[in-house]
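This briefing is meant for a reader who is meeting the structure for the first time. Please keep the sequence and the model in view while going through the points below.

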Amino acid sequence: LKNNMADQPAEKERLMALLEGKMADKDIKDSDLKISMEKIAKTLGENGLTVSIVGITSIAGLVSSEVLRDPKKNKGEQDIPADEAFELFDVDGDGLIQKLDLEVFLKLAGVNFDDVDEQANTIIDETDSNKDGRISRTEWRKKWNSVESLRQFRNKVSDEKLKANMVAKYGQEGPKHIPLYAFGNKMSFYRLPSYPTLPKDRPEADCVFFGCPFDASSTYRMGARFGPAAVRRASQMTNFNYAPWIGRDFSKMRIFDAGDAAATPFDIETAMDQVSLYAKKLWNTSKTVIGIGGDHALTWCLLRAARDFNNDQPVALVHLDSHLDTGDEYHGNKFSHGTALRRAMDQGCVDIGRSTHIGIHGSMGSVDLMEEDKEKGWLTITLDDFVEKGPLEVAKIVKERIGDAPTIISFDVDVLEPGECPGIGFPEPGGMRCRELFSFLRALKGLNVIGGEVNEFTPEYDSNEVTAHACAQGAYEIMCLALDNVEDPAE
């Protein structure tokens with residue numbers, strides 16, 4: 001236009017006056033005006049037109065229409081509110097759009113890395129009216145529909161895939177996809193959400209896990225108190241959502257980590273009451289409760305809580321262990337991990353006629369305890385019997401014995417072969433293999449499992465976390481059995 005009107009200074013002045021009149025109250029940048037003039041000049045030239053032919057007034061109208069054009073009227077562009085766009089561009093959510101916000105957005109929007117810096121600077125230059133290096137919501141609202149550098153991203157704001165990507169990678173709670181080794185300042189079992197500490201704040205749950213870092217009733221190796229922390233660490237590796245062996249997806253179910261039952265290490269009897277009450281309160285709001293210890297005293301605590309959950313009626317027990325743990329005393333003391341089941345029996349927690357010891361092996365002080373258990377109604381399947389019959393046949397026997405009675409699964413890791421899983425508090429060589437254990441547990445599908453526990457894992461003696469992983473998988477298998485009977489809330 002300038003060249004076209006070089007010999008018409010008066011007409012040039014008139015054109016500028018007309019443009020100023022049309023846009024006096026508009027916030028128009030010189031760069032936007034220049035771009036619009038260039039487009040009109042090109043259009044005139046391509047069509048063999050001049051200013052004198054078209055007329056100054058018409059030229060002013062064309063230029064002002066172009067510079068004030070609402071880009072959302074362009075073909076293919078969508079009507080996107082400025083505030084909606086602002087929320088997406090403001091990646092860190094601090095109410096201001098700065099260069100890092102733009103860099104992150106531009107990369108997600110597909111801009112080449114080499115061009116990101118230049119485009120981010122251009123957007124800031126054209127949008128940041130007060131030149132403080134930050135774009136406020138007010139500045140953004142004024143510029144969203146007029147700044148050329150933002151027009152190309154209008155459709156991106158409504159791109160649901162881009163929005164989902166933004167949340168997944170840069171959401172306010174951090175990335176959704178967390179590396180297996182990034183534990184943060186705390187770890188939960190299987191990366192589950194935390195269950196509220198106060199019972200009044202707890203929502204209804206399908207299953208809750210809790211730790212029992214207690215080992216004061218142990219009689220040999222100490223250190224099971226560190227079991228829950230080690231299992232939490234190992235469980236970060238467990239692909240939790242789907243169990244193909246039962247065809248169930250748990251991603252929509254209400255499953256939580258309820259923290260640890262903090263029990264005093266100086267008074268076993270008080271500690272047992274603390275853990276029992278902790279589990280009982282969890283059953284008040286959850287269909288299933290699974291504990292991870294800690295020594296075998298956890299079993300007594302869980303059975304007491306299960307009894308109350310079952311309307312003060314005893315429950316069937318599937319007891320996987322190398323030892324019976326039904327002795328009345330150990331060194332004159334009634335409270336030890338070797339007497340846990342006896343205490344539960346005495347308090348009416350175990351439906352003995354439906355309960356089974358499985359995997360018993362190793363030497364004993366005498367035959368008396370086995371005979372006493374038989375007289376009381378226990379079924380004992382030694383490891384030799386287990387190997388001879390096989391996991392599936394033994395599971396069939398157990399299921400027929402239990403029927404539809406509410407059931408607790410107790411998994412003492414010393415039932416396992418210590419050469420395979422060495423993190424055991426009281427090791428007995430010649431134990432079960434992990435594959436045999438999981439085959440047996442999966443074959444129990446159909447039982448009315450209401451909870452369970454894993455106990456006697458001693459991390460100090462573990463090697464490469466193999467026992468920790470076995471414990472994490474064992475607790476998960478118990479959950480699968482229990483939740484197979486629970487309807488998915490989504491359904």
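This is a predicted model: local features need pLDDT of at least 70, side-chain atom pairs count only at pLDDT 80 or more; totals for chains, interfaces and linings use all residues.

**The sheet and its neighbours**

Phenylalanine 209 stands opposite aspartate 257, a residue of strand β4.

- Eight strands make up an open sheet with parallel pairing, and their order is β4-β1-β5-β10-β9-β6-β7-β8.
- At the edges are β4 (255-260) and β8, each of which pairs on one side only, while the twist from one strand to the next averages 15°.
- Strand β1 (residues 207-212) is joined to β4 by four bridges, and the two pair in the parallel sense.
- Helix α12 (residues 268-283) lies across β1, β4, β5 (289-293), β9 (407-412) and β10 (449-455), and the direction of α12 is at about 170° to that of β1.

**Strand β7 and its two partners**

- Strand β7 (residues 356-360) is largely enclosed by the rest of the structure, because five of its five residues are buried.
- With strand β6 (residues 316-320), β7 pairs in the parallel sense over three bridges, and valine 318 stands opposite threonine 356 of β7.
- With strand β8 (residues 379-382), β7 is joined by four bridges and runs parallel, and here isoleucine 360 stands opposite threonine 382 of β8.

**The helix pair α18 and α19**

- The axes of helix α18 (residues 434-442) and helix α19 (residues 466-483) come within 10 Å and cross at roughly 10°, so α18 and α19 are roughly parallel to each other.
- From α18, Cys434, Phe438, Leu441 and Arg442 take part in the contact, where they meet Ala470, Gln473, Gly474, Glu477 and Leu481 of α19.
- The residues of this contact between α18 and α19 divide into five nonpolar, two polar and two charged.

**Cysteines without disulfides**

- How many disulfides does the structure hold? The number is zero.
- For cysteine 212, the closest cysteine sulfur is that of cysteine 301, and the two sulfurs are 6.0 Å apart, which is too far for a bond.
- Cysteine 349 is likewise in no disulfide, since the nearest cysteine sulfur, again that of cysteine 301, is 10.0 Å away, whereas a disulfide needs the two sulfur atoms within 2.5 Å.
- Are these cysteines buried or exposed? Cysteine 212 counts as buried because its relative accessibility is 2%, and cysteine 349 counts as buried at 0%.

Definitions and conventions. Residues are numbered from 1 along each chain as its sequence is written. Side-chain values use heavy atoms; hydrogens and water are left out. Buried means under 20% relative accessible area, exposed over 50%, partly exposed in between (1.4 Å probe, protein chains only). Axes are lines fitted to C-alpha atoms, for helices over the stretch in contact, and angles run from 0 to 180 degrees between N-to-C directions. Angles under 35 degrees count as roughly parallel, over 145 as roughly antiparallel, 65 to 115 as roughly perpendicular and the rest as oblique. Contact means heavy atoms within 4.5 Å. Ala, Val, Leu, Ile, Met, Phe, Trp, Tyr, Cys and Pro count as nonpolar, Asp, Glu, Lys and Arg as charged, and the others, Gly among them, as polar. Two strands pair if DSSP finds at least two bridges between them.
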